[in-house]
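The sequence and structure come first, and the description follows.

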Amino acid sequence: MSGVAPLPPRHRAVFVSDVHLGSPHCHAAELAGFLGRLRCERLYLVGDIIDLWWMAHRGARWRQSHSDVVQGLHALRRAGTDIIYIPGNHDASLRQVCGMMLPAMQVRRRAIHVTADGRRLLVVHGDDYDGVTHFGGLQERFGDWLYYRILTGNRLFNAVRRPLGLRYWSLSEFLKRRSSAAERYIQRFVQAGLDDVRRRGLDGIVCGHIHRAALIERDGLVYANDGDWVESLTALAEDHDGALRLLDHTGRTLVELPGARIRQAA
């Protein structure tokens, strides 16, 4: 109808990381569907979007669904979404062009996102904290080997569930939550991120890297991990009132953190 203003995008900002396009563990079809339904003003790609490390060392596993993800990003850009790419450790070579404007997106080493209610959040992939969180040595190499074996099992497990009409369920996430070593590692990572933003005088952090989605407030600071598209199939979104939501691949809200104004009113 002429003269009627278009509806604003559903989300003010959305954060996606750890897609690992080009690797066999990427759930690209689910992400392509998510992007096809998405409407937002700004999209942050928070690292490890294209798995250049995997493709260089183990060969590319590029399928049509991976191309569909790229086309989905192009469609969002054409619809007016600003896209900011913050490279991670698996697409680290893109850091050489940080600060430059590339076609359809900006590439930055890190960013400060200001929410609608004025909170300043550091947006960074998270591999900067590896020196604090990793065990190192043989224990870490064995952990990496075991992790990729579990991811293979996760992919096969869900390939059986899908024809039965069952929803995606992360076997790898289930197993990790029962590992005390994995939980200690994740808590060190969370604390490292919060310590970093406290030193910078910011209000919180949005990151990825560890493949563990989370949205919490601790000691007045926000810790938001948008998860990944290998295990959790999640993204982080900001509403127009500053509220933060952790979404699954269908767009369903898993966790919500109200905006500052709503909390103050309560």
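## Salt bridges and a cavity

R245 and E256 form a salt bridge, with 3.5 Å between the closest N and O atoms. This pair links distant parts of the chain, since R245 sits in strand 12 and E256 in strand 13 (residues 253-257), eleven residues apart. E256 counts as partly exposed, at 42% relative accessibility. The model is a predicted one.

A search of the whole structure finds ten salt bridges. Three of them, including the pair above, are listed here.

| Salt bridge | Closest N and O atoms |
|---|---|
| R109 with D128 | 2.8 Å |
| R200 with D196 | 3.0 Å |
| R245 with E256 | 3.5 Å |

R109 is partly exposed at 27% relative accessibility, and D128 is partly exposed at 35%. Together with R110, these two residues are linked in a network of salt bridges.

R200 and D196 are both in helix 7 (residues 180-200), four residues apart, so about one helical turn separates them. R200 is partly exposed, with a relative accessible area of 42%, whereas D196 is buried, at 9%.

The search for cavities of 30 Å³ or more finds one, and the largest cavity has a volume of about 40 Å³. Its lining consists of V16, V19, L31, L35, L45, I49, V69 and L73; by class, these are eight nonpolar residues, with no polar and no charged ones. Helix 1 (28-37) and helix 3 (64-78) each supply at least two residues of this lining.

Methods. Residues numbered from 1 in each chain as written. Predicted model: local features only at pLDDT ≥ 70, side-chain atom pairs only at ≥ 80, totals over all residues. Heavy atoms only, no water. 1 Å grid on protein atoms, 1.4 Å probe; cavity = no way out; pocket = protein on both sides within 12 Å on 5 of 7 lines; lining within 4 Å. Points joined across faces, edges and corners; volume = space filled by probe spheres on them. Nonpolar A, V, L, I, M, F, W, Y, C, P; charged D, E, K, R; others polar. Salt bridge = Lys/Arg side-chain N within 4 Å of Asp/Glu carboxyl O. Buried < 20%, exposed > 50% of the residue type's maximum accessible area, 1.4 Å probe, protein only.
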